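I opened my notebook to look up a few things in one structure, from the whole chain down to single residues. Here it is, so that you can follow along.

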Amino acid sequence: AERDPRQLVLCIPPENSHTEVSEVTLQIYGDPGTTVEIAGREALPIPAAGLLEVTHQLSHFGLNRLPIICRNNNKSIEIYRNFTLLPDPNLEKLRELSEKLRAAGRSEQHILAFLEQVKKNTGYSRSDRETAANLLAEGKRQLVAAEIEKTSQGDNPLAAAFLENARWAFQEQLFERSEYYLALNRSVAAAGKMDGWAVSVKPVDFQGHFALQLQNSRLTATIMETGGRIISLKNGEVECLSPGTFAFGLTRLERARQQTDKSMVTRLKGYNGYEDAGGGNLWPVSFVDWNLSFRELSAQRIVLVAETMLPDSPFLIRRIMSLEADSPDLVIEYEFTNTTPKELASDDPSHFQLTWRGRLVPAIGEGEQARLHDQLVIPTDKVLQATLFDLNNPVFYEERQVKLTGRVMGAFDTVSGKGLAMILDPQMTHAYIWFNTDPKAGYGQPTYTVEIPRSFYGREYNDPQANAPFTIPAGTSLNLRLIFRVLENI
């Protein structure tokens, strides 16, 4: 008895996919000689191997329902495969870009011609998508070139530094990064010369890294674009932080590209100061450039923002740092945002738990022996092996979970009386301490850290007050405050 033609249809991408590429591949398995007609195209026979592979072009944006008819010995069967072709987001960007090019006095005709061609043609091929991406990149290049040409050096050193960075990024073909610097140039130029301000900001080169130096009558904070890292914090003229070594970092171009990979976890190290890190490891993203911006630029107060997306996670990290005239405080307001839409909330802890650590490496004084005579002040009932940094008393210990009994910790130099305190948010409940005055311990040069963890790292599971990561549900933010205060005459 005759039967319907046997068939098995596999699709790349899978059936019912939403795809931005109009080409789909259909693999039809069946009896050799069976003819296959796809969406009205000329019928093709299945070869002797029993597999017919066909590339088909989706005809329009939106739902494409493909009828597939298989015929054999006067019997036929009709099946359907559905695909939704999504518009290329670059098309809308090209429309906006064409208007900007026209306003800048640059030709936009090549973009308009392409958009008209897409409008008339059926389908949207991979080649079309590549053309759109190339047109977008070239258009951005022209826009940035026009902006750089019309931007003057001005008499504001900070604005001039941002313009110089924009020119460098343009030469390296980092057009979006160049746009970022031009936006900073405009925001700073609007503030004027900034002469005679009670709190100031200026550009500095810190061992080959671009940084901004905020200063008032009490303290000076140097904040690198790389990692938004506070690499130096001076109490008057006395340095309070160890900068570490820059021998194992990235090149300027690598940092500006803002790209990270998992191998960086082990090969990037050495930077100190104050940084954002993971529970038991450093964050590679703290070794590339973050995005800086100003929320306030005035004679009495400067508010600088450093932010980045944490790679392979939904979390946006924003650190808002403010310095007021004559204040001993550098105030940090954190915003941790879970960018996952609420409707896509998941039960997977990696989608709402943020493991974080604020890593501080103090060294109060100058030179190689700056740490000598530094006294840790940690409010805890736990007995620490040592708290005075004294090379004559060699000791090494690591405390991963120090439950705090107060909200102020830090260190001070017992000789100069200068110190640095951390005033903690109530959500900062534990400390992590690395303390090494023993060169023979096998852990590198003597140093110590005072850190604020929110993680399971070192957790004892029978501890009812154990530390834990932040819980930040999809579509929400978590805010906390940390204050660095410089002290004297301790």
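**Terms and ground rules.** I began with how covered a residue is: buried means under 20% relative accessible area, exposed means over 50%, and partly exposed lies in between (1.4 Å probe, protein chains only). The model is predicted, so I kept to its limits: local features need pLDDT of at least 70, side-chain atom pairs count only at pLDDT 80 or more, and totals for chains, interfaces and linings use all residues. Residues are numbered from 1 along each chain as its sequence is written, and side-chain values use heavy atoms, with hydrogens and water left out.

**Entry 1: K403.** I looked up K403 and found a relative accessible area of 30%, so K403 is partly exposed. This residue belongs to strand β22, residues 396-403. Helices (H or I, at least four residues) and strands (E, at least two) are DSSP runs, numbered from the N terminus. Next I asked which residues K403 is in contact with, leaving aside neighbours within four places in sequence. I found P379, T380, T429, H430 and Q465, where contact means heavy atoms within 4.5 Å. I also noted A431, which is 28 residues from K403 in sequence and 6.6 Å from K403 in space, C-alpha to C-alpha.

**Entry 2: the whole chain.** I listed seven helices and 28 strands. Is the chain more spread out than a compact globule, or less? It is more spread out, because its radius of gyration is 30 Å, well over the 23 Å that the globule rule gives for 490 residues. That radius is taken over C-alpha atoms, and the rule is 2.2 Å times the number of residues to the power 0.38. Along the principal axes, the C-alpha atoms fill a box of roughly 100 × 65 × 40 Å. I noted that 51% of the 490 residues are buried. Of the contacts between residues at least 6 apart in sequence, 62% join residues at least 24 apart.

**Entry 3: S98.** I went to helix α1 (residues 89-103), where S98 has its place. S98 counts as buried because its relative accessibility is 4%. Beyond neighbours within four places in sequence, S98 is in contact with E108, I111 and L112.

**Entry 4: cysteines.** A disulfide is a covalent bond between the sulfur atoms of two cysteines. How many disulfides did I count? The count came to zero, with a disulfide taken as a pair of cysteine sulfur atoms within 2.5 Å. For C70, the closest cysteine sulfur is in C11, 12 Å away, so it is too far for a bond. C70 is buried, at 1% relative accessibility, and C240 is buried too, at 0%.

Entry 5: Most residues other than glycine have a negative phi, and most peptide bonds are trans. I then looked for exceptions. The peptide bond from I12 to P13 is cis, with omega near 0 degrees; P13 sits in the loop between β1 (7-12) and β2 (18-19). M194 is not a glycine, yet has a positive phi of about 65 degrees. I found M194 in the loop between α5 (175-189) and β9 (200-206), and at 13% relative accessibility M194 is buried. Q258, also not a glycine, has a positive phi of about 60 degrees. The loop between α6 (252-257) and α7 (264-267) holds Q258, which counts as partly exposed at 33% relative accessibility.
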